[in-house]
Amino acid sequence: MDSVPPVVGADVSRSRIPRNTRSRGPDRPYPTGADAGDPSQKAEQASSPVVDMNNEHTSDSLPPQLHQLIVVGGGVAGCTAAMYGQRYGLDVVLLEKAAPGGQTATASLVENYPGFPGGISGFELAQRVHQQAQEAGITFLTDLAKALLPQGPCWTLQGEVDSYCAQAVILTLGAAPRRLGVPGEARLLGHGVSFCATCDGFFYRGKRVAVVGGGNSAVDEALYLTDIAEQVYLIHRRHELRAEAYLQERAFARANLEIVWDTVVEEVVGQAELEKVRVRNVRTEQVSDLEVDGLFVAIGHAPQTAWLEGTLDLEDGFIVTDHLMHTSQAGIFAAGDVRNTPLRQITTAVGDASLAAYSAYQHISALSEMDVASLMGQG
Ligand code: NDP
C-alpha cells in the first residue's frame with residue numbers, strides 16, 4: 001500500500017496530560033450487543049475521525065483507514081487502554097473478536113479489586129468497565145486479528161474481516177483456558193466438559209461435578225460449585241494447592257468439597273454426554289473412575305499469540321515487554337495477561353493498560369504528521 005492518508009484530529013505534536021473530561025471522539029451510542037457481535041456491521045460502526053484521502057477508491061478497494069491507536073482485545077485491560085488513549089486525545093478504535101469482557105467476566109467473585117468491599121461478580125465488573133468505555137465513546141469493532149505488518153512508521157493490522165492502519169497498537173489479548181489434552185476432552189466440550197463454572201455451573205444443580213487444577217481459578221470455581229452441586233471433587237496433581245491461603249481455608253471447610261490429591265485426569269469418558277472421568281494417582285499409579293456429571297477444567301490460561309511469532313519477541317508465548325509496556329517493536333505495546341509478567345490479576349492488567357496508553361501516546365507524539373505522511377510515501 002503506498003497511499004495512506006495522514007491522521008487528522010488530535011494535535012500530536014506536543015504533549016498533553018490526560019484530562020478528566022471526555023475527549024474528542026465519536027459522539028454516538030455504542031452498538032448494541034447484537035450488532036457488536038456481527039463483523040459485517042464493522043464498517044457502519046467505524047465512525048472515528050479518520051480520513052480517506054483516496055476518494056477515487058470504490059468501497060471494495062479502500063485502503064485501511066489510518067487511526068492513531070488501535071487496541072486489540074476487549075477485556076478490562078483493553079477497555080482501560082482505550083479509555084486512557086482517548087483521554088490523551090487520541091483517535092482510538094478497539095478491536096474485539098467476540099463479546100467483550102474477557103476472562104474477568106468468568107470469575108464468580110472478585111474480592112481483590114479495590115473499591116468493592118464484599119467483592120463484585122466478575123461479570124458485573126467486566127460489564128461496568130465495558131459500559132464505561134462505551135460511554136467514553138470508544139469505537140468498538142468486531143474482527144479477529146491475524147497479522148501485524150509494518151507500514152512506514154505505522155502498523156497495518158490484518159483482521160479476518162478487514163485491515164486497519166494505526167500509528168500505535170496496544171495488544172491486550174488476554175489468554176485462553178488451557179486444555180488437559182486428554183482423550184474425550186474436546187469431544188465432550190459442551191456436553192459435560194466446561195472451562196467456566198460461572199457460565200455453566202447452573203446446569204449441575206444437585207449433581208456431582210469435578211474441577212481440575214490447584215490454583216486460584218480452580219479453587220474459586222470449586223467453591224462456587226459447592227453452592228450448586230451436591231458433591232464437588234477438586235482433582236489436583238500435587239499434594240499442595242497453589243491457590244492463595246484464604247481460598248484454601250474456605251475449600252478445606254466446605255463439607256461437600258473433596259480434594260483428590262496427587263491425581264491426574266487420564267481420559268474423559270462418555271458417549272453423547274460425560275459419564276465419568278478416568279483418573280490416575282501419580283503416587284500409587286492406581287487408575288480409577290470418578291463418576292461425575294460435569295468436569296470443569298481450570299488449569300490456567302495460555303496466551304493466543306501464535307499469529308505474532310516472528311513479529312514480536314515472545315517468552316513461552318507471552319509478549320515480552322519492558323516496564324512501560326514497550327514490546328520489541330516500536331509502536332506496538334502489550335498489557336495484561338498476554339505479556340510476560342509474574343502476576344496476572346485484574347489490578348495489574350488495569351495498571352499495565354494505563355501505562356501502555358501513556359507509552360503509545362508518547363510514541364504517537366514523537367511522530368509528527370509530516371513524518372507519517374512522508375514515510376508513508378506522501379511527503
Ligand atoms: P495458575 O497457573 O495459578 O494455576 C494453574 C493450576 O493448574 C495449578 O495448580 C497447576 O498445577 C494446575 N495445572 C496446570 N497444568 C495442568 C495439567 N496439565 N494437568 C493438571 N493440572 C494442571 O492458574 P489460575 O487460572 O488458577 O490463575 C491464573 C492467575 O489468575 C493467577 O495469577 C491467579 O492468582 C489469578 N486469579 C486470581 C483470582 C482471584 O484473585 N480471585 C481468581 C482466579 C485467578 P501445579 O500447582 O502443580 O502447577
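**View 1. Strand 12 and strand 13 pair in the antiparallel sense over six bridges.** Strand 13 covers residues 276–281, and a hairpin of six residues links strand 12 to strand 13. This is a predicted model, in which local features need pLDDT of at least 70, side-chain atom pairs count only at pLDDT 80 or more, and totals for chains, interfaces and linings use all residues. Residues are numbered from 1 along each chain as its sequence is written. Strands (E, at least two residues) and helices (H or I, at least four) are DSSP runs, numbered from the N terminus; two strands pair if DSSP finds at least two bridges between them. Look for Val265, whose bridge partner in strand 13 is Val279, and for Val269, whose bridge partner there is Lys276.

**View 2. Three strands make an open antiparallel sheet in the order 12-13-14.** Strand 12 (263–269) and strand 14 (287–291) are the edge strands, each pairing on one side only. From one strand to the next, the twist averages 30°. Angles here run from 0 to 180 degrees between N-to-C directions, with axes as lines fitted to C-alpha atoms, for helices over the stretch in contact.

**View 3. A parallel open sheet of five strands has the order 8-15-9-10-11.** Strand 8 and strand 11 (257–260) stand at the edges with a single partner strand each, so one side of each has no neighbour in the sheet. Strand 9 (residues 208–212) runs parallel to strand 15 (residues 294–297), joined by four bridges; here Ala210 stands opposite Leu295 of strand 15. Helix 6 (residues 216–226) packs on this sheet and touches strand 9, strand 10 (231–235), strand 11 and strand 15. The direction of helix 6 makes about 170° with that of strand 9.

**View 4. Phe195 lies in the loop between strand 8 (193–194) and helix 5.** Phe195 counts as buried because it has 20 C-beta neighbours inside 10 Å. The cut-offs are 20 or more other C-beta atoms within 10 Å for buried, 12 or fewer for exposed, and partly exposed in between, with C-beta atoms placed from the backbone. Apart from neighbours within four places in sequence, Phe195 is in contact (C-beta atoms within 7 Å) with Pro177 and Val297. Pro177 is 18 residues away from Phe195 in sequence, yet their C-alpha atoms are 6.7 Å apart.

**View 5. Helix 4 (residues 122–135) has 14 residues.** From first C-alpha to last, helix 4 reaches 20 Å, close to the 20 Å expected at 1.5 Å a residue, where the expected span is 1.5 Å times one less than the number of residues. Its buried residues are Gly122, Leu125, Ala126, Val129, His130 and Ala133. They cover an arc of only 130° around the axis, which puts them on the same side of helix 4; the arc is that of the directions from the helix axis to the C-beta atoms. Their cover includes helix 3 (76–87) and helix 5 (197–200). Just after helix 4, Gly137 has a positive phi of about 90°.

**View 6. The largest nonpolar core has 61 residues.** Such a core is a set of buried Ala, Val, Leu, Ile, Met, Phe, Trp, Tyr and Cys residues joined through C-beta atoms within 7 Å. Ala166, Val169 and Ile170 have the most contacts inside it, and helix 8 (residues 346–366) gives the largest share, nine residues. Among the residues that Ile170 touches, not counting those up to four places away in sequence, are Leu69, Val71, Phe333 and Ala360. A second, separate core of 38 residues includes Ala218, Ala222, Ala243 and Ile259.

Key:
Contact = placed C-beta atoms within 7 Å.
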